[in-house]
Amino acid sequence: MEPLIDIKNLCVDFELRSGTVRAVRDVSLTINKGERLGIVGESGAGKSVLGFSLINLISKPGKITGGEIIFNKQDIAKFKYDQMRKIRGNDISMIFQDPMMTLNPVLTIGTQMKETILAHMDVTDKEAEAICLDKLQKVYIPSPEKRLKQYPHEFSGGMRQRIVIAISLLTSPQLIIADEPTTALDVTIQAEIMDLLLELCKTENMGLILITHDLAVVSEVTQRIAVLYAGKIAELGDTEQIISNPQHPYTQGLLQALPQMADGEQRLNQIPGMMPSLLNMPMGCPFEPRCSESMEKCKTKIPTLTTLDNGTQVACFAREGGK
Amino acid sequence: MRSKWQRFKESYMLYNFLRDPVALISFTILAILFFSAFAAPIIAPHNPYDSTTIDIMDAQIPPAWEHHGDSKFLLGTDAQGRDILSTMLYGMRVSIIIGVGAVCLQAFIGIVVGLLSGYIRRLDNILMRIADVQLSFSTYMVAIFIGAIVQTAFGVAGYDKVAVPLIIVIIGLAEWPQYARTVRASVLAERKKEYVEAARVIGLSRVRIMWRHILPNTLSPVLVISTVQVANAIMSEAALSFLGLGMPVNKPSLGSLITAGFEYIFSGSWWITIFPGILLVTLILVINLLGDWVRDFLNPKLYKG
């Protein structure tokens, strides 16, 4: 498989008055062409920051402080704003959480779509409109000619998210980063949108990074999962392996915390404690204070990713030496 | 597809407007005033700029319904024998041109500065401090200063020619910080919204994001202050003219008409001052009332159901 984007030892820091927040710490990931990767973790684990750093769009005071992001043989982590503009929305596009907010309320859908095309491709207005219509059909928007002239408030939430997806498809990107694309939608629409994304990734052979905290969504759509905890990868491997046979105590906790309909009325399982403040990390493994399998070693040393027999990579001393 | 006109006919704006008698009456009066001002060369009974038609013997004739009134001059004549009604129409035209022109200039400078300082944070401090400095000079001080310099530089004859653009520039320069501050405040609120983030993700340039995405979302407060500012600019011009720093007497605005008549008010020729005064007050009042309606309409918090 040919790698599409190769992240090597990426570090993202936020310089605050109260200290340096290390939001992403030493993350290495490779996404192949046409591959679908899920990034899961709880709030504040650094999922979104990781996503934004891939298009080099971290808002101040955040900064990429180390590592490389190799895309098309170039290290885009070092690109300037104007160099990056050629890649954003063109080769890599992004879908946001809330479709109510991501469309400009005062411009028609057509204007916003054409704008994206004209920013990246050398086409006439007519050709741009044809591309828009084509992509709107791909996301199953009925009577697209009419819809192009309408404003965002004339669409429902699910439709808007489909339009956002259509906008991200306009330039036929190689990679789409979807940052919790279904969180703001209700459950039936969620399934519809995820099916649509999956279908489009398959037909257009696009890579997908799905950032979410919803393990159910990830297990349906992605081929691989990276579990992020406190800015570090805790576990990385095939979706099936991770869902059926989680290795890291954190991943196990996450899966146990899923509500089970069949078991009747029960209290939800939860992982005790909270994620440590990113300002003062424990010396050892960041998960150690909450971990049920904590050892002496975990308090002082940080585990690194090791590959197990089934191909899963896990950062945990308890799993070292394999199973 | 419905046409623009149909959309407008069905819009809530028109519905609200037609059910607000104050707005409706204000708009009607304003429309009549604007029309008569710009149609002045056609509808005015005399041409006050044409010195050959003016007879000094007609000076200070009272309005037609008064004793000694002349039906040729409905509202009487001024000290030079010019018909008050015609001069008022021509004068209102000058006042409106100056008011609207000055507001366009203010809006242009203010919007550019406001966008830049709201979106590009590095420029914020310097641009807003410049605005503060500008605001610390009053309009009249700036006007007196520049007006005096230009009058000495061009001489009185030259000044007559540049008076209109000069006053537009003076009032425009003196009041732009109002716009800059309003626009900046809106931009600061808008720039954090996700559609701006999305526009950056798409890879649009900064200029395009500012102009196409942020600016249209900040326009409603701009529209509201514009109405107030037009009224303010007309008043500033009238005040300047009243002080003798605005429009010269041979090309009068409403303000200079009021001054010209002011000298005669105690000798009984009240009409020279009173009629332009009433017209000025009416003009400002309807613009402000209309502005109030626009503000209420654009502010959803003030909807009364």
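Strand β3 (residues 36-40) of chain A is joined to strand β8 (residues 207-212) of chain A by 5 bridges, and the two run parallel. The model is a predicted one, in which local features need pLDDT of at least 70, side-chain atom pairs count only at pLDDT 80 or more, and totals for chains, interfaces and linings use all residues. Residues are numbered from 1 along each chain as its sequence is written, while chains are lettered from A and ligands numbered from 1 in the order in which they are written. Strands (E, at least two residues) and helices (H or I, at least four) are DSSP runs numbered from the N terminus, and two strands pair if DSSP finds at least two bridges between them.

Of the 5 residues of β3(A), 5 are buried, so the strand is largely enclosed by the rest of the structure. A residue is buried if 20 or more other C-beta atoms lie within 10 Å of its own, exposed if 12 or fewer, and partly exposed in between, with C-beta atoms placed from the backbone. The buried residues cover both faces of β3(A), with A:R36, A:G38 and A:V40 on one side and A:L37 and A:I39 on the other.

These strands belong to an open sheet of 8 strands in chain A, with the order β6-β7-β8-β3-β9-β10-β12-β11 and mixed pairing. The edges are held by β6 and β11 (306-307) of chain A, each with a single partner strand, so one side of each is left without a neighbour in the sheet. The partner of β6(A) is strand β7 (residues 175-179) of chain A, paired in the parallel sense over 4 bridges, and A:M94 has A:I177 in β7(A) as its bridge partner. Helix α7 (residues 157-169) of chain A packs on the sheet and touches β6 and β7 of chain A, its direction making about 175 degrees with that of β6(A).

β9(A) and β10(A) pair in the antiparallel sense over 6 bridges. They form a hairpin with 2 residues between them, and A:A230 in the turn has a positive phi of about 50 degrees. The bridge partner of A:Y229 is A:K232 in β10(A). In strand β10 (residues 232-238) of chain A, 6 of the 7 residues are buried, so this strand is largely enclosed by the rest of the structure. β10(A) also pairs with strand β12 (residues 313-314) of chain A, in the antiparallel sense over 2 bridges, where A:E235 stands opposite A:V314.

A positive phi of about 50 degrees is also found at A:N9, although A:N9 is not a glycine. A:N9 is placed in strand β1 (residues 3-16) of chain A and is exposed, with 11 other C-beta atoms within 10 Å. Phi of A:N205 is near 50 degrees, again positive in a residue other than glycine. A:N205 lies in the loop between α8 (187-204) and β8 of chain A and counts as exposed, with 12 C-beta neighbours inside 10 Å.

In chain B, helix α3 (residues 21-38) and helix α12 (residues 271-298) pack at an angle of about 135 degrees, with their axes 9 Å apart. Axes are lines fitted to C-alpha atoms, for helices over the stretch in contact, and angles run from 0 to 180 degrees between N-to-C directions. α3(B) and α12(B) are therefore oblique to each other; angles under 35 degrees count as roughly parallel, over 145 as roughly antiparallel, 65 to 115 as roughly perpendicular and the rest as oblique. The residues of their contact divide into 12 nonpolar, 2 polar and no charged. Ala, Val, Leu, Ile, Met, Phe, Trp, Tyr, Cys and Pro count as nonpolar, Asp, Glu, Lys and Arg as charged, and the others, Gly among them, as polar.

The contact between the chains takes 23 residues from chain A and 14 residues from chain B, two residues being in contact if their C-beta atoms, placed from the backbone, lie within 7 Å. On the side of chain A that touches chain B, α4(A) gives the most, with 4 residues.
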